[in-house]
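Keep the structure open while reading.

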Amino acid sequence: MMKVEITCPIYPSEDPEKVRMAIERIFPGAEIVEDEKGLKGNTDNLDHFSKQIRKQKILDTTRSVLLRGKRGNVTRFFLNKQVAFVGKISFCEEKTILGTMRVVVEDDELDAVIENVAPETVDGEEVLI
């Protein structure tokens, strides 16, 4: 079963509710709790994320990021949380000035998850098998 964990620090200059909204706009339905480090969300669904990368036409980039972050049955990547606040996906490095959202996806069949979320493309179009 797929597990997706989203962690997002809250800096003193940030509104915790806006950070929560950023997570919810990319991962609607995620269970979000606040702790001393920030917000932590959990979900088992990447449907909205997958739809959004198709809408933004960033399948190749997403596939590359997911594969680059893969270690065993886990992949990790980072999203810009200010861009997420407006419902868009923008991958970034772990440490950015405007803050990041860390996403960890775990599944025993991770290759199948990656193939489903961000399939291979030819000339920017999904390869349908």
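Predicted model: local features only at pLDDT ≥ 70, side-chain atom pairs only at ≥ 80, totals over all residues.

## Lys 57, after the helix

Just after H2 comes Lys 57, with a positive phi of about 60 degrees. Lys 57 is a residue other than glycine. Most residues other than glycine have a negative phi. Lys 57 sits in the loop between H2 and H3. Is Lys 57 buried or exposed? Its relative accessible area is 75%, so Lys 57 is exposed.

## Thr 100 in strand E6

Strand E6 spans residues 100–106 and includes Thr 100. Thr 100 has 9% relative accessibility and counts as buried, because the cut-off for buried is under 20%. Its side chain reaches the backbone oxygen of Glu 94 at 3.1 Å.

Beyond its neighbours within four places in sequence, Thr 100 is in contact with several residues. Among them are Thr 7, Cys 8 and Pro 9. Phe 78, Leu 79 and Lys 81 are also in contact with Thr 100.

## Cysteines without a disulfide

How many disulfides does the whole structure hold? A search finds zero. Cys 8 is in no disulfide, and its nearest cysteine sulfur is that of Cys 92, 9.9 Å away. From the side of Cys 92, the closest cysteine sulfur is in Cys 8, and 9.9 Å is too far for a bond. The cut-off for a disulfide is a pair of cysteine sulfur atoms within 2.5 Å. Cys 8 is buried, at 1% relative accessibility.

## Salt bridges across the chain

The structure holds seven salt bridges. One of the pairs is Lys 40 with Glu 5, whose closest N and O atoms are 3.4 Å apart. Lys 40 belongs to strand E3 (residues 38–43) and Glu 5 to strand E1 (residues 3–9), so the pair ties together parts 35 residues apart in sequence. Lys 40 is partly exposed at 29% relative accessibility. Glu 5 is partly exposed too, at 26%.

Arg 63 forms a salt bridge with Glu 115, the closest N and O atoms being 3.2 Å apart. Arg 63 is buried, with a relative accessible area of 15%. Glu 115 is partly exposed, at 33% relative accessibility. Arg 63 and Glu 115 are also linked with Glu 120 in a network of salt bridges.

Asp 111 pairs with Lys 70, with the closest N and O atoms 2.9 Å apart. Asp 111 is in helix H5 and Lys 70 in strand E4 (residues 70–71), 41 residues apart. Asp 111 is partly exposed, with a relative accessible area of 48%. Lys 70 is partly exposed as well, at 25% relative accessibility.

Notes
Residues numbered from 1 in each chain as written. Heavy atoms only, no water. Helix = DSSP H or I, 4+ residues; strand = E, 2+ residues; numbered from the N terminus. Buried < 20%, exposed > 50% of the residue type's maximum accessible area, 1.4 Å probe, protein only. Polar contact = N/O pair within 3.5 Å; in protein donor to acceptor, adjacent residues only side chain to side chain. Contact = heavy atoms within 4.5 Å. Salt bridge = Lys/Arg side-chain N within 4 Å of Asp/Glu carboxyl O.
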